[in-house]
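I opened the model and kept notes as I went. The entries follow in the order I looked things up.

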Amino acid sequence: MTGTKLTSGTEWWRTAVIYQIYPRSFADANGDGMGDLAGISSRLPQLQELGIDAIWLSPFYTSPQRDAGYDVSDYCDVDPLFGTLDDFEVLQRTAHDLGIRVIVDIVPNHSSSDHGWFQAALAAGPGSAERARYTFRDGKGENGDLPPNNWESVFGGLAWTRTTDPDGTPGQWYLHLFDTSQPDFDWDSEWVREQFRAVLRFWLDRGVDGFRVDVAHGMIKAPGLPDYTPPAEGGSMGGAPATLEPGISAESPVTAPYWAQDGVHEIYRDWHKVLAAYPGDRVLAAEAWVDPLSQMAKWVRPDEMHQAFNFAYLETPWNAAKLRSVIDESIEAFGNVGAPSTWVLSNHDVVRHASRLALTGENLQGHGIGPKTVGLPDTAVGLQRARAASALMLSLPGSSYLYQGEELGLPEAVDLPDHAREDPTWFRTNGERYGRDGCRVPIPWEGASASFGFSTGAKSWLPQPAEWAGLARDQQNGVAGSTLELYKHALNLRREHSLASGTVEWIDGFGPDVVAYRNGAVTIVANTGAASVQLPAGDVLLASEDLVGRTLPGDATAWLRAVTA
Ligand code: GLC
């Protein structure tokens with residue numbers, strides 16, 4: 001990798017701002033309405049201008065796209081929808097030349113049912129070595145007509161599907177924690193372990209800087225696959241229920257037999273060694289919905305992964321006391337194992353934070369919002385809170401994740417027509433849950449172009465709201481006060497003042513609605529309430545809203561040069 005602006009051996013990920021690219025919706029170079037790798041390469045200079053350190057690419061591998069690419073049928077190739085391996089090489093070289101690291105997604109809990117391994121398992125029949133690679137079981141009941149247990153899919157409906165034998169008779173069942181088209185591997189199989197080591201090496205050999213590990217808390221299932229009924233208020237991806245039932249403490253939550261089993265850690269210790277054998281500084285980042293944070297920190301012990309997404313932070317409402325407590329808890333939990341805390345507000349699975357933070361109704365993980373949702377957000381309030389929340393997040397020590405489009409202040413697309421929806425959640429719940437399409441709409445680059453410059457053609461695979469014309473990048477670039485300029489400014493200052501390697505020293509005295517703290521030479525004041533507050537002394541470095549004199553309005557954050565007494 002000569003000629004790049006990157007230096008190795010720096011543990012760069014401890015302080016990095018990592019920008020998530022959702023390839024279907026970032027930029028489309030061939031005009032078919034679906035984003036692609038060449039599109040990404042063409043837009044990387046704009047990300048360099050934004051000031052990020054790394055990109056994480058959601059899956060672009062060969063896939064029938066029944067779960068938008070998280071159903072992989074070949075882990076070592078690029079789906080023709082997105083381009084070729086050569087296009088990936090160009091993307092990676094372009095990124096590295098711009099000083100941007102590249103993290104790719106790996107999906108080890110399940111493959112696509114189209115994968116050759118699963119097709120071989122179906123063909124080989126019960127008891128075969130091929131079936132032992134996935135989670136096949138005989139059904140219960142006299143003729144095996146009943147599923148092996150009561151588990152439900154994260155996307156709704158049963159987590160089991162019955163197979164049909166070659167002679168047409170009903171056969172065994174296979175487990176799929178997600179869609180029917182996503183059969184779960186059996187990680188007790190050494191063969192499966194070896195295949196995934198090879199997949200990691202395939203991408204490491206091509207020079208990737210790390211992996212985001214999909215469903216990193218799900219690969220090992222409790223022996224005997226016991227029945228389990230999740231608490232009604234728990235997130236479908238795991239984690240503690242929003243309200244703990246009597247007798248269940250946050251320190252010993254009830255763990256589903258398919259989430260957060262101890263055996264997963266052995267896999268990550270193994271992967272850690274695979275990465276460590278490569279030169280440079282490569283990162284493993286866990287998508288693990290585990291509560292409380294002290295449990296999640298197990299994923300980032302020194303010989304396991306390097307980072308885990310801080311979903312506890314993402315799920316925290318816009319409330320000063322709760323924010324302060326989750327920030328303390330995060331720094332402590334991750335710090336105890338020597339890992340940096342991470343921070344995240346949006347991704348391709350949750351309602352965009354410019355809408356979520358102003359929802360007045362309930363917001364369940366993965367359920368999404370749509371036209372019939374009760375308590376839909378006020379767009380202006382949502383945007384104002386999102387800007388304030390992002391300004392707070394980007395001031396915190398550790399590594400922050402951004403999701404494409406949040407730097408434009410994009411809200412959730414609420415009014416998608418039913419026929420355009422693609423998320424399996426929508427289909428598996430008969431439209432009861434809207435799912436995640438609303439946060440996956442292709443992003444706007446040029447307000448006056450067809451498909452707002454997302455595509456070289458006029459199409460976009462999900463329709464873009466007309467109001468997004470005004471949020472397009474070219475409408476905000478260089479415009480004082482725009483959300484894009486706010487992000488650029490924050491990222492610049494963050495670097496200039498080394499905030500990501502700093503510390504949090506709370507400042508009291510601003511009242512119950514304010515989060516105020518000092519990070520090195522900068523004081524940060526975030527006002528989550530409605531009433532304005534008087535700012536302390538010090539030059540204002542950044543403000544998410546216009547200030548009136550030295551008054552910070554409600555739903556706003558300011559950074560100031562700290563004044564030392
Ligand atoms: C992860 C992904 C999500 C996907 C699921 C199944 O949660 O982020 O998009 O649907 O895993 O792979």
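How many bridges join strand 7 to strand 8, and do they run parallel or antiparallel? I looked this up first, keeping in mind that the model is predicted.

**Entry: a sheet**

I found four bridges between strand 7 and strand 8 (residues 170–175), and the two strands run antiparallel. I then picked out Thr-161, whose bridge partner in strand 8 is Tyr-174. Stepping back, I saw that the sheet has three strands in the order 6-8-7. This sheet is open, with antiparallel pairing. Its edge strands are strand 6 (136–137) and strand 7 (160–164), each of which pairs on one side only.

**Entry: overall build**

For the protein I noted 13 helices and 20 strands. I checked the radius of gyration against the globule rule: a compact globule of 565 residues would have a value near 24 Å, and the protein has 23 Å, so the two agree. Along the principal axes, the C-alpha atoms fill a box of roughly 80 × 55 × 50 Å.

I also looked at contacts between residues at least 6 apart in sequence; 68% of these join residues at least 24 apart. The accessible surface is about 21,000 Å², and carbon and sulfur atoms account for 51% of that area. As for burial, 59% of the 565 residues count as buried.

**Entry: nonpolar cores**

Which residues touch the most other members of the largest nonpolar core? I got Ile-55, Trp-271 and Trp-559, in a core of 153 residues. Helix 4 (residues 190–205) gives the most to this core, contributing seven residues. I also noted a second, separate core of nine residues, among them Val-525, Leu-552, Ala-556 and Leu-560.

I went back to Trp-271 and listed its contacts, leaving out residues up to four places away in sequence. Trp-271 touches Ile-106, Pro-108, Trp-187, Phe-196, Leu-200, Val-213, Met-219 and Leu-284.

**Entry: cysteines**

How many disulfides does a search of the whole structure find? The count came back as zero. For the record, a disulfide is a covalent bond between the sulfur atoms of two cysteines.

Is Cys-439 buried or exposed? Cys-439 has 1% relative accessibility, so I logged this residue as buried. Cys-76 is at 24% and therefore counts as partly exposed, since the cut-off for buried is under 20% and that for exposed is over 50%.

Methods. Residues numbered from 1 in each chain as written. Predicted model: local features only at pLDDT ≥ 70, side-chain atom pairs only at ≥ 80, totals over all residues. Heavy atoms only, no water. Pairing = 2+ DSSP bridges. Disulfide = S-S within 2.5 Å. Buried < 20%, exposed > 50% of the residue type's maximum accessible area, 1.4 Å probe, protein only. Rg over C-alpha atoms; globule rule 2.2 N^0.38 Å. Contact = heavy atoms within 4.5 Å. Areas by Shrake-Rupley, 256 points an atom, 1.4 Å probe, with all protein chains shown as cover. Core = buried A, V, L, I, M, F, W, Y, C linked by side-chain atoms within 4.5 Å.
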